[in-house]
Structures are given as C-alpha cells and as structure tokens.
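The following explanation leads the reader through one chain and its ligand. Please keep the sequence and the structure in view while reading.

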Amino acid sequence: MRSFQESCVFEAHLTKDYYPSGMKMVNLDQALGVEYFGKRMLNVPFYEQKNQYFAKPLEHYIFDRDVLEAVVSFLNEPFGDALYLQGPSGCGKTSILHQVCALLGWPILQVTLNGHFEVNELIGHPNIVNNQLVYIHGPLARAMKYGYILVLNEIDLADPAELAGLNDVLEGRHLVIIQNDGEVVEPHPNFRLAVTANTKGSGEYRTYCGTQMLNSAFLDRFRFVECSFIPHDSEEILLKQVTPYLSQEVQKMMIEVALKVRASHLEALPTQVNMTIPMSTRALLRWGHLIKAYKHCEDPVHLALKHAFTGRLTADEANFVHRLCGDWLPSNLKIFEKK
Ligand SMILES: Nc1ncnc2c1ncn2[C@@H]1O[C@H](COP(=O)(O)OP(=O)(O)OP(=O)(O)O)[C@@H](O)[C@H]1O
Ligand SMILES: [Mg+2]
C-alpha cells in the first residue's frame with residue numbers, strides 16, 4: 001500500500017494542470033465530422049501533448065444541429081454568459097458537451113451535483129502535502145485558471161442558496177478564494193462554464209424528484225438551450241450504427257415504439273396510456289444491446305425491453321409499451337442480421 005506521503009505526491013500528480021501552447025483555427029465541419037458549418041472556423045486551444053482533460057470521443061454520435069450550433073456559438077464567444085442545457089433524461093445533454101470538447105481538443109472537466117453539493121467542493125480545500133499545509137484547487141478554480149470547460153451536470157439538484165456562490169464567475173468575473181489568503185483567480189480566455197439539467201430550474205417533483213426551484217438571479221446569468229431527443233431519422237442512423245447485428249425491421253420497430261411512447265408522454269390519444277416518462281435515446285440503445293445479450297432466451301425483444309425500460313413502469317404503462325412492440329412484431333420476424 002502507498003504511504004500517506006506517497007499518496008499525496010500521487011494526488012498532486014493527478015491534478016497536474018496545463019496551459020495551452022496557443023490557439024489554432026479549425027474547420028468546424030472537419031473537426032466535428034458534420035456538414036453544417038460550411039467554411040466556418042473556430043479558434044480552439046492548442047496543446048503540444050494530450051493530457052487527462054482531453055475527453056475520448058464516443059464511437060457513435062449524432063449531433064442535434066440546433067444544439068450543436070448553440071454550443072459552438074457559446075464556445076466561440078460567451079459574451080459573459082454561462083450555458084444551460086435543459087431537456088429530458090437521456091436525450092444527449094451531457095454527451096454533446098463531451099463530444100464537442102473531445103473532437104475539438106478543448107479540455108473538459110465534468111462534475112455531477114447533488115443535494116449535498118457545496119460550492120467549496122468546486123473551489124478547493126486546504127490539505128497537508130509533504131508535511132506542509134497547501135491549498136488544493138478544485139475543478140472550478142483549475143478550469144478558470146487554465147482555460148478548461150467546466151460542466152456541472154444536474155445543476156437543479158443543488159441547493160439554490162449554495163449555487164448563488166457561483167454568480168460572479170458565471171458572468172465572467174474573477175474568483176476570490178478566501179480560504180487561500182484571498183487568492184484571486186482571473187478567468188482564462190478559454191474558460192467556459194456549462195450546466196445541464198432536466199428542468200428549467202422550476203422544480204419538477206413528479207418525474208424528476210429531488211430537483212429544486214432555482215433562484216432567478218442565478219438563472220439570469222445563462223443562455224438557455226432546450227434539448228430534445230434527436231430527430232427520428234437521426235436516431236434511426238444511430239441505432240443502425242450501434243446495433244448493426246439487428247435486422248432492419250427490428251430497428252424500425254424499436255424507433256416506432258420509442259416515438260409512440262414519447263408521443264403519449266406528451267399527450268395520450270384516447271386509446272393510449274399517458275406515459276409518465278418518455279423512452280430516452282439511452283434506453284433505446286440499451287434495449288438494442290440487451291436484445292443481443294439475450295439472444296439465447298425465448299423472447300429476447302420483450303425481455304430486453306423489460307430490462308431496458310418497462311421494468312420501472314406501472315403495470316398499465318408497461319403493458320401498453322409491450323403491446324406497441326407486439327403490434328409491430330410479426331411472429332415470423334427475423335430479429336438478427338445474418339453475419
Ligand atoms: N445524439 C446522440 N448520439 C449518440 N448517442 C446518444 C445521443 N444522445 C444520447 N445518446 C446516448 O444516450 C446516453 C445518454 O446521453 P446523455 O448522458 O448525454 O444524456 P443526458 O441528456 O445528459 O441525460 P441525463 O439528464 O439523464 O443526465 C449517452 O451515453 C449515449 O449513449
Ligand atoms: Mg446528463
């Protein structure tokens with residue numbers, strides 16, 4: 001086992017930080033693998049070597065064009081704002097920030113907040129390293145100092161009074177660290193702060209319990225971008241990429257079921273059940289993975305659907321979803337693509 005001193009050195013190594021060597025212009029379409037931006041370029045930080053703050057791109061990712069435009073504009077010029085991505089669970093809020101940063105090579109730090117969150121966890125804390133009391137900077141201080149993107153996930157789970165401690169830095173001002181002798185951390189020009197949440201900060205106790213009503217002065221410091229599930233043709237392409245082993249008929253059926261579930265979450269038709277939750281892209285992909293995992297079972301499609309999504313629903317809702325699935329599944333349907 002490591003001695004205490006060794007582990008302090010080890011921790012110090014873990015929190016090693018890096019300034020960029022400079023900036024470079026990149027063509028957005030080329031860097032992001034899309035065809036949306038034409039000749040538009042973006043000035044991004046340039047590093048001689050990759051470091052721990054570089055995200056690994058997801059193998060399959062389909063950008064929502066509008067959200068991508070908003071994220072890129074924000075990176076280009078925040079005008080003293082922070083960015084608030086709001087939308088249903090599993091629609092791709094966290095992953096779009098991760099993916100953009102990964103592809104642009106912009107260092108990113110992600111923290112997920114909770115009901116016990118304290119701003120000091122982001123700023124830092126004193127600690128003993130090599131017999132000396134030193135101040136260890138937290139993710140906010142480091143992101144500000146070195147120009148990373150700080151993403152605070154589930155911002156609406158945190159206590160609004162605690163979040164007020166972020167008000168100054170949200171609008172581009174410096175951070176004063178009282179615990180470290182009043183150290184002043186100026187925001188690096190590459191520093192950006194983005195948050196994600198399921199609500200708009202209005203508290204939604206039924207579906208997203210634990211969310212809080214956020215302070216309106218805090219919310220006033222953000223640009224708001226409403227996110228939704230990617231359009232169904234994009235989701236179809238994504239499902240094909242992620243589950244190439246499934247037959248086209250099954251993939252089509254899965255997309256139809258997801259669309260119907262989402263539609264009846266928004267508004268139930270007379271013969272339908274009013275779903276309390278939509279089927280997320282995350283759940284849809286999980287369904288696809290599980291069909292393969294359960295290929296030796298008697299009914300892999302329904303079993304996978306149960307474990308991926310309907311297992312957490314009421315009996316009425318679950319029956320409704322399985323019925324939808326059954327309507328689309330003729331008994332002789334080929335589930336898997338031939339190799
Ligand atoms: N556009 C997309 N392209 C590829 N995969 C996606 C996309 N959107 C969502 N996913 C898949 O769904 C998963 C969940 O996405 P993500 O974590 O970004 O959702 P979220 O909106 O942040 O959800 P939550 O509100 O629960 O945090 C991702 O890990 C990814 O597998
Ligand atoms: Mg998220």
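Helix 6 (residues 139-146) has as its buried residues Leu 140, Ala 141, Arg 142, Ala 143 and Met 144. A residue is called buried if 20 or more other C-beta atoms lie within 10 Å of its own, exposed if 12 or fewer, and partly exposed in between, with C-beta atoms placed from the backbone. Helices (H or I, at least four residues) and strands (E, at least two) are DSSP runs, numbered from the N terminus. After helix 6 comes Gly 147, with a positive phi near 85 degrees.

The model is predicted: local features need pLDDT of at least 70, side-chain atom pairs count only at pLDDT 80 or more, and totals for chains, interfaces and linings use all residues. Residues are numbered from 1 along each chain as its sequence is written, while chains are lettered from A and ligands numbered from 1 in the order in which they are written.

For the chain as a whole, the secondary structure comprises 14 helices and 13 strands. Of its 339 residues, 35% are buried.

The chain is divided into domain 1 (4-226) and domain 2 (232-328), with bounds that come from an automatic or database domain assignment. Their centres, taken over C-alpha atoms, are separated by 33 Å. Contact between them involves eight residues of domain 1 and twelve residues of domain 2. On the domain 1 side, three of these residues are nonpolar, five polar and none charged. Here Ala, Val, Leu, Ile, Met, Phe, Trp, Tyr, Cys and Pro count as nonpolar, Asp, Glu, Lys and Arg as charged, and the others, Gly among them, as polar.

Ligand 1 has 19 residues around it, of which Ser 89, Gly 92, Lys 93, Thr 94 and Ser 95 come nearest; a residue is near a molecule if its C-beta atom, placed from the backbone, lies within 6 Å of it. Helix 4 and helix 12 (281-293) are the elements that give two or more residues to this shell. Domain 1 and domain 2 each supply at least three of its residues. By class, the shell holds six nonpolar, eleven polar and two charged residues.

Helix 11 (residues 248-266) has 19 residues and should span 27 Å at 1.5 Å a residue, which agrees with the 27 Å between its end C-alpha atoms. Its buried residues, among them Val 250, Met 254 and Ala 258, pack against helix 10 (232-242), helix 12, helix 13 (300-308) and helix 14 (315-328).

Gln 52 is found in the loop between strand 2 (41-46) and helix 3 (65-76). Gln 52 is exposed because 12 other C-beta atoms lie within 10 Å.

Note on methods. Two residues are in contact if their C-beta atoms, placed from the backbone, lie within 7 Å. The expected span of a helix is 1.5 Å times one less than its number of residues.
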